[in-house]
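I opened my notebook to keep track of what I looked up in this one. Here is the structure I had on screen.

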Amino acid sequence: MKLLTFRTENGLQLGIKTEKGVLPVPNDSFTVKKVIENGSEALNELADLQDKAGPQAQFLDEATLDLGPCVPDPGKIICVGLNYRKHAEESNMAIPETPILFNKYNNTLAGHGDDIPLPDDSEQVDYEAELAIVIGREAKKVSKDEALNYVFGYCNANDLSARDLQFRSNQWLLGKCLDGFCPLGPYLVTADEISDPNALQIRCTVNGEVRQNSNTSDMIFHCDEIISYVSHYMTLSPGDVILTGTPEGVVLGYPESERVWLKDGDEMTVEIEKLGALTNTMRK
């Protein structure tokens, strides 16, 4: 099942993407958070709602909707740095022996189609196409073999980074946590539709030019390893989001003389196999 959120005068509303269009879900019954927390029971109810949608049902044209982040209120946004072998190599950094973790906050969330503000005092904003894992139930000290059983679903993410702010100190937080610097979407795709998250094509285009083109199989630490590792140090809760790293092709990976940072009007699209395409535009 593919879930999304869209903005209304009453706030974000949940929708189900179908072949007929987007089926709106009554706000008094379901939110993304409630669906994730209630897992298969909630998904069965949504499937039933979809099955009972008769000729009078109002399916919405997705192209007319103002989409929000597909996970609008995660408790935690955990990110993994340097998690693609070729990306670590292009960055001239050692292959990590354990996952490098950092975080973002909810102020960074944005939806498909949103404009992303360029920071006033940064001239080195970079794109990063990433697969995001959405946790479905509490995970604490779970084994690698069991880890994927704790996943609710997956979505596209763009781990936008202001490199000059990121490397102002040895803490990456400032360059990673600017407003709008974590678009998620357009869909939250349930785990049953993704047989192997470690074998998905992933790419990013800027103004139609392919900048990143890889596969999640190039991850140094795969999805099950990441979930298991993180859960041994902090409890993962339903709705938590884990960004799993970006492949080679980011601006930072180019020789200094060839780096063209994101500028006003640049349109980025992150596209991962089976998850749709997430497009955003940078604006000054």
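My entries follow, from the whole chain down to single residues.

**Ground rules.** I'm working with a predicted model, where local features need pLDDT of at least 70, side-chain atom pairs count only at pLDDT 80 or more, and totals for chains, interfaces and linings use all residues. Residues are numbered from 1 along each chain as its sequence is written, and side-chain values use heavy atoms, with hydrogens and water left out.

**Overall shape.** I looked up the secondary structure and found 5 helices and 17 strands. Helices (H or I, at least four residues) and strands (E, at least two) are DSSP runs, numbered from the N terminus. Then I checked the radius of gyration, taken over C-alpha atoms. A compact globule of 284 residues would have one near 19 Å, and the protein has 18 Å, so the two agree. The globule rule here is 2.2 Å times the number of residues to the power 0.38. The C-alpha trace spans about 60 × 45 × 25 Å along its principal axes.

How much of the protein is buried? I got 54% of the 284 residues. Buried means under 20% relative accessible area, exposed over 50%, and partly exposed in between (1.4 Å probe, protein chains only). I also noted that 74% of the contacts with a separation of 6 or more join residues 24 or more positions apart; contact means heavy atoms within 4.5 Å.

**Cores.** A nonpolar core is a set of buried Ala, Val, Leu, Ile, Met, Phe, Trp, Tyr and Cys residues joined through side-chain atoms within 4.5 Å. The largest has 56 residues, and Ile227 and Ile242 have the most contacts inside it. I clicked on Ile242: leaving aside neighbours within four places in sequence, its contacts include Ile78, Val80, Leu131, Ile135 and Ile227. There is also a second, separate core of 30 residues, with Leu23, Cys70, Ile77 and Phe102 among them.

**Helix H5.** Why do I call H5 (residues 223-231) largely enclosed by the rest of the structure? Because 7 of its 9 residues are buried. Ile226, Ile227 and Val230 are among them, and so are Asp224 and Ser228. The strands that the buried residues of H5 pack against are E4 (77-81), E5 (100-104), E9 (129-135), E10 (151-158) and E15 (241-243).

**Cys177.** I found Cys177 in the loop between helix H4 (173-176) and strand E12 (182-190). Its relative accessibility is 11%, so Cys177 counts as buried. Cys177 and Asn107 are 70 residues apart in sequence, yet 7.5 Å apart in space, C-alpha to C-alpha. Beyond its neighbours within four places, Cys177 is in contact with Asn103, Lys104, Tyr105, Asn107 and Thr108.

Most residues other than glycine have a negative phi, and most peptide bonds are trans. I went looking for exceptions. A cis peptide bond joins Gly185 and Pro186, with omega about 0°, and Pro186 lies in strand E12. Leu82 has a positive phi of about 50° and sits in the loop between E4 and helix H2 (85-90). Lys141 has a positive phi too, near 55°, and its place is in the loop between E9 and E10.

Which of these two is buried, and which is exposed? Leu82 is buried, with a relative accessible area of 9%, whereas Lys141, at 56%, counts as exposed.
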